[in-house]
Amino acid sequence: MKQLLSGNEAIFKGAIKAGARYFAGYPISPTSEILQQASLYAEENPEFRFLQAEDEIAAAIATISASLAGVKAFTATSGPGITLMQEALGWGHVVEAPCVFVNSMRVGPSTGMPTQPAQSDLLQIKGGSAGDYYPIAFYPNSVEESFRLTVTAFNAGEESLSPVLLLADAFLSHLYELVDLDAIEVTVVPRTQEPLGSGQRLFTGTAHDKLGNVKTNDPVIYREWLAELRERHLRVAEKYPLYEYLPCKKAETLLIAFGITSRIISPLRERFSIFRPIRIYPVLERELKEMTESYRHIIVIEGNDGQYAGWTECAIHRQVLRVPCLGGGFKLQWIQSQIEERLKGR
Amino acid sequence: MKPRLNVLWNEIFCKRCVLCVEVCPVGVLSLERDEIVEKPGCIRCYQCERYCPDIAIEVMDEGNRLSS
Amino acid sequence: MIDRSYKDLLKMRRFPHTWCPGCGIGAVLKNVAMGLREMGWDYRNTVIVSGIGCSGRMGGYMNVDAVHTPHGRPLTAAEAIKTVRPDLNVVVLSGDGDLASIGGNHLLHTARRNPDITVFCNDNEIYGLTGGQAGPTTPKGTKTITSPRGEHYQPLRLNRILTTQAPYFYAKTTVYHLNHFKTCIHEALRYKGFSFVDIISDCIELNGRRLGFKTAHQMFKWFDQRFHIVEGVRDHLKDDELGIAMKEADTLPKVKVEVSEKPEVSLKDLKPFSLEELASFDGQDGKPIYIGYQGKVYDLSTSPLFQGEKRMRCHLGGKDLTQEIGIAPHGEELIFKFPIVGRLKE
């Protein structure tokens, strides 16, 4: 049965499909709808627990703790919220708690422009917490894909034993589309970790060896631990090399865009090839190299000042052209004129 | 674990904070040459064991103690 | 003969533990282990949650699953664990800086939500791990390394903060008053709801020596001078009292919505308004705002909802609003507050 759903609703339904049993959150546009749905769902389903926390810090910590306690958990927020949640994101990677953080991006920094859409939290979700860690992040561009990728995010979390980020933007969160959820087939990865109360383990954010003994001055143990973390995350990321490639014959220019921007520029596919990374981080290095090889020009169109463009340059060792859509201004004509300007004389 | 007259003293756990020495109501414990030693006169009140934060001192059961 | 079976709950192979000679945390750890043993709790049904700081290391020495959270967040984590796993006994072992300073917001809100967890706060009135900086509970005038001329500000009085909103369980004790300490632990573990034990503890190396104490025992004597035990269960504890403050939930009188009836005014005596006349009183150009309701004309000029540019769009001044108020989400009682200035012509 087809139903009219917003991106936020699809994300929530996807989480329930994936088996989520805990939601903690704090009101923030544009993801407050997820919080509201979770509260209503918890009233009707006692096995689903809900917490409206006192701040995003508490929401994130509660999400990870609930995951350690043995249930699939998730939280949803926006850019300023994810800033507060960085502490918990880092902690979640060290204590190996599978969960999902939904980040619907709006214009920043700080409070920024509530609620204008942006795509400017890429650097923040990649490394906002202290130290090295390798988060996995997905970014859908439709309501139907929001549902599917939420399940994928939960699965990747269970496999990589870490918080996984599901990105969205203010457009996508409030975008209504007709979708038939029953027709979407998804596989759900079950929980493998032993819950709390079944051993004598220590889940600590401090560096520790495999037995859980705190080791704060042993570089060898730390390197081994980090190598294992990195290997596991890259291996899981490798399972989800998600992207969309729309080639256009004779096109000499490849446009790279993701999320809502890729929807906005889709009319341009008559003239340009379009590459849409869905797994935002770890960066699709191999795929980017393959796809960009045959094009003279590469233009990254994104809702920030060149965050993904920078990653692309690192991956393909070539200069790319940038079209930053800042301040929530995503207009096709404007983007088109910017592309023409960039390509003039080249 | 080093046995004294009435107490067992764990020299590895002990950090020489001398709490046991100071809480002993009859003053039979003392720290000498970095070791807890015991003079005769223990009244087996268990204060040293109860206050030790390092679980480093135990009062021996009646049967095990060395005759003074 | 003394019962030493509490040692089963401690990871004795990791001893000697990491704290300084004479530190009160060792005593807290030992006595809490004794308390858990008395309750018959073990790794199958108990989880320890601890924060950061010297006291945060307590979790690692317990033979149960322990969660070592980021700084200040143990309460949130404990609440989430208890929410999704009501079968587990959740015990928080942490310090005053962690719970009352960086985690102060979480302390207030976790206490408000009253989950069934037990908190043991090692209150040594100093930041010990980082070298002896002034903390939230450092008494005024105390010299620390960040208050070299004496602390300027008042300490946070947890005994008052945590006993403002029933239900509550707050116990204050010291590591010196051992029997009282054990009683508090026992009562707190048995209490159903949020129970907080404030354990005045000694930090001899990084606080006591600066204050002029030579050994931990001298600090104990100082505690004995500062505090005295009060018998029985109190409603509140004074700053120098050790004891248990406990109160059942208040049965607050239900808030009654009072519909104030306006005294009947004889309509005949009032100035008659036609609808056209009424329409001129719409608040424009400094004119008053009149509305009609059930045959009477009210002066709403002082209503905040009709002020300025952002006045409420749904009701406009200068109109008969009888029907609109009938369908509005609020009742007519809002209107009765305002003065009657006339009647509507038939």
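Strand β10 of chain A (residues 202-204) and β2(C) run parallel and are joined by 3 bridges; strands pair if DSSP finds at least two bridges between them. Strands (E, at least two residues) and helices (H or I, at least four) are DSSP runs, numbered from the N terminus. A:Thr204 has C:His68 as its bridge partner in β2(C).

The model is predicted, so local features need pLDDT of at least 70 and side-chain atom pairs count only at pLDDT 80 or more, while totals for chains, interfaces and linings use all residues. Residues are numbered from 1 along each chain as its sequence is written, and chains are lettered from A and ligands numbered from 1 in the order in which they are written.

## Chain contacts

Residues are in contact if their C-beta atoms, placed from the backbone, lie within 7 Å. Of the 2 pairs of chains in contact, A and C share the most contacts. Chains A and B do not touch, with their nearest C-alpha atoms 18 Å apart.

In the pairing of A and C, 27 residues of chain C are in contact with 32 residues of chain A. On the chain C side, β2 (65-68), α2 (74-84) and α4 (104-113) each supply at least two residues, and α2(C) gives the largest share, 7 residues.

## Nonpolar core

A nonpolar core is a set of buried Ala, Val, Leu, Ile, Met, Phe, Trp, Tyr and Cys residues joined through C-beta atoms within 7 Å; buried means 20 or more other C-beta atoms within 10 Å of the residue's own. The largest core has 195 residues, and A:Leu166 and C:Ile81 have the most contacts inside it. Helix α3 of chain A (residues 56-69) contributes its largest share, 10 residues.

Key: Buried ≥ 20, exposed ≤ 12 C-beta atoms within 10 Å, placed from the backbone.
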